[in-house]
Amino acid sequence: MGKPKVVLGVSGGIAAYKACELLRRLTESGHDVRVVPTAASLNFVGEATWAALSGNPASTEVWESVHEVPHVRIGQSADLVVVAPATADMLAKAAHGLADDLLTNTLLTARCPVVFAPAMHTEMWEHPATRENVATLRRRGAVVIEPAVGRLTGKDTGKGRLPDPEEIFEVCARVLARGVAEPDLAGRHVVISAGGTREPLDPVRFLGNRSSGKQGYALARTAVARGARVTLVSANTALADPAGVDLVRVGTALQLREAVLKAAADADAVVMAAAVADFRPAEYAGGKIKKKDGQEPAPVTLVRNPDILAEISADRAREGQIVVGFAAETDDVLANGRTKLLRKGCDLLVVNEVGETKTFGSEENEAVILSSDGSELAVPYGPKETLADVIWDQVAPRIGVRRA
Ligand code: CTP
C-alpha cells in the first residue's frame with residue numbers, strides 16, 4: 001500500500017505560516033502531501049516553501065500542467081483533504097460549490113473526508129453568513145474544527161485562532177483512520193470532564209488525585225474527528241489544548257459541577273471522565289497553615305462533595321441525553337462496577353482497574369463498558385484513543401433513543 005495521499009489546502013490568512021508545521025507533521029508521519037494554496041495565500045507563504053517542504057509541486061491554478069487534468073485528479077486521488085487555514089471566503093466558496101481555482105475544484109472532486117480548520121476574526125466567524133456556511137459544510141459531512149480562542153492578528157483577542165498545528169494533525173490522523181465513515185457525531189453536542197479536581201486546604205496545598213486527564217482528552221479529540229461540538233471541562237491537566245473544543249478550565253469539584261451542569265443543558269451526551277474528589281476540606285485557611293513547635297498538627301475535617309454523575313443521571317437536562325461514567329477500581333473491579341452503574345444511574349459505565357502504576361498517566365488503558373441494558377463489552381489493552389472511539393461507538397447509536 002502506498003502512502004496515504006493528503007491534500008493540504010491553504011487559503012489566504014495570516015495563519016498560513018502555521019500550515020508549514022502541519023505539513024511537516026504530515027510528511028514526517030508518512031503521508032504524501034500535495035499542497036494546494038490559493039493565490040491570496042501566497043502573499044503569506046510562497047510557493048517555493050510548499051514545494052520544498054512537501055516534495056511536490058504546489059500550484060494554485062487549474063491552467064498549470066493541464067495535460068494531467070489536475071483540477072480533477074488531485075481531488076479524486078486524495079484520501080483526505082484538509083484546508084488550514086480556511087478563511088471566511090474559502091468556507092463560503094466551499095459551501096456554495098464555487099470552483100474558480102485549483103483548491104475549490106479539488107474540493108468539488110474529492111470524495112474522501114474533508115477537514116476545514118477555520119481562522120479569521122471573531123466578527124467574521126460569528127457572522128450569520130459564515131455560521132450558515134459552516135452549518136452547510138457540516139451537514140454535508142465535512143469536519144469543520146471550531147477555531148481556538150486567543151490572540152488574533154493585531155491586538156484583538158477572541159475566537160478565531162487557528163488551533164495548534166500539532167492538534168490539527170491529530171484531528172487529521174483520526175479522520176484518516178476512520179476512512180470514509182460519516183462523522184456520526186455531527187450536529188451533536190457532547191460534554192466531557194477530564195483531569196482530577198483539587199480541593200484547597202490553604203493557598204499552597206490541596207487534596208488531589210493522580211488523574212492525568214489523558215483519557216478525557218482522548219475522548220475530546222476523537223469526538224471532534226467524528227464531527228461533534230465538544231465542551232471539554234478540564235481540571236488541572238498539563239496537556240495541550242485539543243483542536244476544535246470549547247475548553248473550560250476548572251479547579252475544584254464544585255467548579256467542575258457548575259461547568260458541567262451549564263454545558264449539559266443542551267448536550268446530547270455527557271461523559272464524566274474526570275476523577276472528582278469525593279471530599280473537600282471543611283475549612284479553607286486563608287493563610288498558609290504553619291507548623292507549631294511542640295504541637296500536634298490539627299486534624300483536617302472533610303465534607304462530602306456532590307456526586308455530579310449521579311445528579312446529571314437522575315435529572316437529565318434533555319430527553320434522550322446519554323450519560324457515561326467511569327469507575328476507577330483497585331479490587332473486585334467488575335462487581336464494584338456493576339454496583340456503581342446501578343448506584344449512579346448512568347447509561348454506560350467504563351470500568352477500569354487502577355493502581356499506582358496502572359492507567360494513571362499512561363497512554364494506554366483497558367476497560368469493560370457496562371451498559372444499563374445489561375450488556376458488557378471488554379475493550380482490550382490499547383491506546384486511550386481506541387477506548388475513546390469504542391465509547392463513542394456505544395454512545396452514538398444511543399443518543400436520541402428514548403429509554404424505556
Ligand atoms: N464522580 C462524580 N462526582 C463525584 C465523584 C465521582 O461525578 N463526587 C464521577 C466520576 O467522574 C466517575 C464516576 O463518578 O465518572 C465514578 O467515580 P469513582 O471515583 O470511581 O466512584 P465514587 O463515586 O467515588 O465511588 P467509590 O468512592 O465508592 O469508589
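Biologist: In the hairpin of β18 and β19, which residue takes a positive phi?

Modeller: Glycine 374, with phi near 95°, and the hairpin has four residues between its strands. Keep in mind that this is a predicted model, where local features need pLDDT of at least 70, side-chain atom pairs count only at pLDDT 80 or more, and totals for chains, interfaces and linings use all residues. Residues are numbered from 1 along each chain as its sequence is written, and side-chain values use heavy atoms, with hydrogens and water left out.

Biologist: How many bridges join β18 to β19?

Modeller: General idea first: strands of a sheet pair through backbone hydrogen bonds, either parallel or antiparallel. Strands here are DSSP runs of E with at least two residues, helices are runs of H or I with at least four, and both are numbered from the N terminus. Two strands pair if DSSP finds at least two bridges between them. In this case, six bridges join β18 (364-371) to β19 (376-383), and the two run antiparallel. Valine 368 sits opposite alanine 378 of β19.

Biologist: And which strands form the open sheet, in what order?

Modeller: Five of them, ordered β2-β1-β3-β4-β5, with parallel pairing. At the edges are β2 (32-37) and β5 (143-144), each of which pairs on one side only. Further in, β3 (80-86) and β4 (114-118) run parallel and are joined by four bridges; there, valine 82 faces valine 115 in β4.

Biologist: Where is the cis peptide bond?

Modeller: Between alanine 84 and proline 85, with omega about -5°. Proline 85 belongs to strand β3. Asparagine 236 is in the loop between β11 (229-235) and β12 (245-250).

Biologist: Over to the ligand. Which residues come nearest?

Modeller: A residue is near a molecule if one of its heavy atoms lies within 4 Å of it. Of the 16 residues around the ligand, Met272, Ala274, Phe326, Lys340 and Lys344 come nearest. β16 gives the most to that shell, with four residues.

Biologist: How much of the ligand does the protein bury?

Modeller: Accessible areas come from the Shrake-Rupley method with a 1.4 Å probe. Taken alone the ligand exposes 570 Å², and the protein buries 79% of that. The elements giving two or more residues to the shell are α11 (308-314), β16 (322-329) and α12 (333-344).
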